[in-house]
Amino acid sequence: MGAALSGRSWDKSELSELGPKLGILLQIYDDLGNFLKESPKQFEDLYQMRPTWIWAVAADLASDKFKEFAKTVEFLPLEERLVGWSKKNRFKDYLMTKTETFQSVLLTSLEEEWG
C-alpha cells in the first residue's frame, strides 16, 4: 500500500522482490525485541528453540562461545545463566552491531535498487 501511495509506478515483480527483504528486516527486529526487552516473553523464542536472528548471530561467534551460548539456553526459562553469559561476552553489543550492519547493507541495497 505504501508503494502505491508513493506516487511511483511499481510493477508487480518489483514489489514481490521488495516485500520479502523488508519482511526479513522486520522479523529481525521482532527477534531482537524478544531478546532485549524485559517482558514475560523475553527469551521465549530461544526457550522454544525457534530459529531466530539471535541464533544466527550467536552462530557467528567463535565455536567455544557459541557452545557456551547453546548451553545457557538449555537452562531457560531460568534466565540467570543466559543473562550472565550475555553480559560477560558483551553479546548485546555484538548483536546490535550485527543487526545495524545487516540493516545498513539491506537499506543500501534497496536504495540502489529503488532510489
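Visitor: What average pLDDT does the protein chain have?

Guide: This is a predicted model, and its protein chain averages a pLDDT of 89. A score of at least 70 is reached by 89% of the residues. Confidence is lowest in helix α1 (residues 2-5), with a mean of 61, and highest in helix α4 (residues 53-59), at 97.

Visitor: Which residues touch the most other members of the largest nonpolar core?

Guide: In soluble globular proteins, nonpolar side chains tend to be buried together. Here the largest nonpolar core has 18 residues, and those touching the most other members are Phe 35, Leu 46, Ile 54, Phe 69, Leu 82, Phe 91 and Leu 95. At least two residues of this core come from each of α2 (12-36), α4, α5 (63-73), α6 (80-88) and α7 (91-114). Helix α4 supplies the largest share, 5 residues. Apart from this core lies another, of 5 residues, including Leu 18, Leu 25, Leu 106 and Trp 114.

Visitor: Which residues does Phe 91 touch, not counting residues up to four places away in sequence?

Guide: With that exclusion, Phe 91 touches Phe 35, Ile 54, Val 57, Ala 58, Leu 61, Phe 69, Trp 85 and Ser 86.

Visitor: Is Met 49 buried or exposed?

Guide: Exposure requires over 50% relative accessible area; Met 49 has 55% relative accessibility and therefore counts as exposed. Met 49 lies in the loop between α3 (44-47) and α4. Leaving aside residues up to four places away in sequence, Met 49 touches Trp 55 and Val 73. The C-alpha atoms of Met 49 and Val 73 are 8.7 Å apart, although 24 residues separate the two along the chain.

Note on methods
Residues are numbered from 1 along each chain as its sequence is written. This is a predicted model: local features need pLDDT of at least 70, side-chain atom pairs count only at pLDDT 80 or more; totals for chains, interfaces and linings use all residues. Side-chain values use heavy atoms; hydrogens and water are left out. pLDDT is the predictor's confidence in each residue, from 0 to 100. Helices (H or I, at least four residues) and strands (E, at least two) are DSSP runs, numbered from the N terminus. Buried means under 20% relative accessible area, exposed over 50%, partly exposed in between (1.4 Å probe, protein chains only). Contact means heavy atoms within 4.5 Å. A nonpolar core is a set of buried Ala, Val, Leu, Ile, Met, Phe, Trp, Tyr and Cys residues joined through side-chain atoms within 4.5 Å.
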